[in-house]
Amino acid sequence: MSRRDDCEKTREGFSSYIDNRLDVQEQQRLEHHLRTCPDCRSELESLRLTIGLLRRVPSVPPPKSFALPIATMPIRRIVLATRVFGLAAACAALLLVTVVGAETFVEWGRSTQSLGPMVAAPSRDADRGVVPAGTAVGQERQGNIMAAPAPALGAGAAQTEATPQATSGSRAAAAPGSPSATAGEAGSFGNAKQVAPGSPTLGQVAQTSKPLGVTQATPESNATDLSEQPTNSLSPWRVAEIGLGTIVLGLGLAWAVSRRRVRMN
Amino acid sequence: MKHLTLGRFGKETKREEQTLPTMKVEEEDGRKEAELVRLSQGGDREAFNLLVARYERQVYNLALRMLADSEAAADATQDCFISAFAGIRGFHGGNLRAWLLRIATNACYDQLRSLKRRPIASLDDLLLDPEHPTDFEDPAESPEDYTLRQELGRTIQAGLLTLPAEQRAVLILSDVQGFSYEEIAEITKSSLGTVKSRLSRSRKHLRDYLLGRRELLPKKYRL
């Protein structure tokens with residue numbers, strides 16, 4: 001081994017030698033080399049001085065006490081509560097998204113079914129059960145009153161031609177001045193049999209009335225509509241969405257408060 | 001050479017001054033510590049805070065020398081004790097000090113990552129607060145010597161920052177705080193061979209740094 005290699009190998013052991021961590025054999029070999037190598041002696045001495053300086057580095061007192069604040073509730077309970085609130089809020093949010101998605105899917109399904117001979121799809125209001133007055137009479141219909149484009153019809157003859165099937169039943173109910181007739185005048189442009197002489201004709205009513213959609217619906221849609229909620233009330237979907245939204249908000253707020261307590265503690 | 005730091009050097013000085021048998025005191029301390037740990041594991045914060053009072057100085061000084069920033073060191077120290085309390089049920093006996101310092105070292109690594117440490121811009125951060133002198137201040141030390149020692153601390157701190165984090169931690173634990181190789185291996189979760197290797201390299205690196213900046217060292221301490 002060259003002298004340079006010997007010096008390198010010796011210096012590798014200096015750190016352990018200073019700390020008395022060399023085995024006896026290694027220690028003897030190193031000390032033997034030091035006796036004959038002034039450069040390595042100088043190297044060792046500078047290393048000792050460096051370690052000595054490190055040992056003189058002052059200890060600094062902490063700027064404050066790092067004691068943990070004494071919480072009124074054990075920190076673990078607060079952490080557990082935070083997790084529970086977070087999980088519950090996430091589940092409620094997921095349920096809300098599912099309800100909204102389901103409602104959208106159902107709406108889409110209905111709109112698909114109502115296409116075809118119909119002029120317009122049932123409106124959203126119609127699906128909510130906002131049914132104009134006179135819908136009850138529409139139950140007796142068996143055909144599409146708008147099947148043929150109707151010019152302004154006369155009070156009597158056109159009624160009979162348009163809906164021959166429903167004539168018998170409706171006529172019995174539809175007497176001028178009767179409640180059903182009054183309701184028909186109010187807004188149902190589809191109840192031709194109830195139109196009293198002098199009252200707005202089908203064509204006139206169709207032009208002036210809003211396209212409510214109910215009377216334009218197929219019997220199947222009518223049956224569905226009639227099972228809906230009464231006018232101006234919330235659908236079950238909407239109730240569920242509002243309820244879940246409130247729950248999500250409440251749980252989210254509780255989670256945020258718990259999290260803040262964890263951080264403060 | 002006067003030993004003015006904590007750790008094995010400080011302990012030796014302390015032992016000479018004690019009147020009670022050292023072993024008995026240590027045994028008593030050990031029993032009390034075990035009891036405090038047991039209470040802390042049951043959620044007793046007051047018991048845990050007694051442990052905090054016992055070790056916060058060591059933890060803070062390790063963090064301070066690792067990070068060279070008193071605010072970052074305070075954050076790391078607080079994080080250490082919060083994590084320690086949260087995880088104390090995972091402590092199944094053994095060296096509590098080593099366990100705490102391991103958490104502290106990891107907290108320092110986290111701080112270094114978030115701070116993206118760079119070579120220190122200002123040594124002013126390392127000035128000791130003259131209102132709070134160290135416990136190991138030598139009563140015979142002159143004000144000039146005190147000032148010189150502060151300067152020394154700043155220069156060495158700058159040198160420490162040039163080391164990789166793992167070497168820095170080993171050097172601080174060994175030569176600043178006085179831990180043995182075995183304790184350092186336990187704290188850093190590494191083998192004895194790794195500890196020796198890192199210590200050797202870090203000492204040589206710091207020595208070369210100080211030799212290259214001799215003019216920064218007080219005359220008394222120049223290599």
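These legends go with several close-up views of a predicted model.

Local features are given where pLDDT is at least 70 and side-chain atom pairs count only at pLDDT 80 or more, while totals for chains, interfaces and linings use all residues. Residues are numbered from 1 along each chain as its sequence is written, and chains are lettered from A and ligands numbered from 1 in the order in which they are written.

**View 1. Chain B is built from helices, with zero strands.** There are nine helices in chain B; helices (H or I, at least four residues) and strands (E, at least two) are DSSP runs, numbered from the N terminus. Of the 223 residues in chain B, 33% are buried. Buried here says that 20 or more other C-beta atoms lie within 10 Å of the residue's own, against 12 or fewer for exposed and in between for partly exposed, with C-beta atoms placed from the backbone. Take the contacts in chain B (C-beta atoms, placed from the backbone, within 7 Å) with a separation of 6 or more: 68% of them join residues 24 or more positions apart.

**View 2. The largest nonpolar core has 45 residues.** A nonpolar core is a set of buried Ala, Val, Leu, Ile, Met, Phe, Trp, Tyr and Cys residues joined through C-beta atoms within 7 Å. The members that touch the most others are B:V59, B:A63, B:L67, B:A76, B:C80, B:L100 and B:A104. Helices giving two or more residues include α4 (38–55) of chain A and α3 (45–67) of chain B, and α3(B) gives the most, with ten residues. Leaving out residues up to four places away in sequence, B:V59 touches B:T77, B:C80, B:L100, B:L101 and B:A104. Apart from this core lies another, of six residues, including A:A89 and A:W255.

**View 3. Helix α7(B) is largely enclosed by the rest of the structure.** Why say so? Because ten of its twelve residues are buried. Among the buried ones are B:R168, B:L171 and B:D175. The cover over the buried residues of α7(B) includes α4 of chain A, along with α3, α5, α6, α8 and α9 of chain B. From first C-alpha to last, α7(B) reaches 15 Å, close to the 16 Å expected at 1.5 Å a residue (that is, 1.5 Å times one less than the number of residues). Just after α7(B), B:G178 takes a positive phi of about 80°.

**View 4. Helix α3(A) is hardly covered.** Among the 13 residues of α3(A), the count of buried residues is one. The end C-alpha atoms of α3(A) (residues 24–36) are 19 Å apart, which agrees with the 18 Å that 13 residues should span at 1.5 Å a residue.

Definitions and conventions
Two residues are in contact if their C-beta atoms, placed from the backbone, lie within 7 Å.
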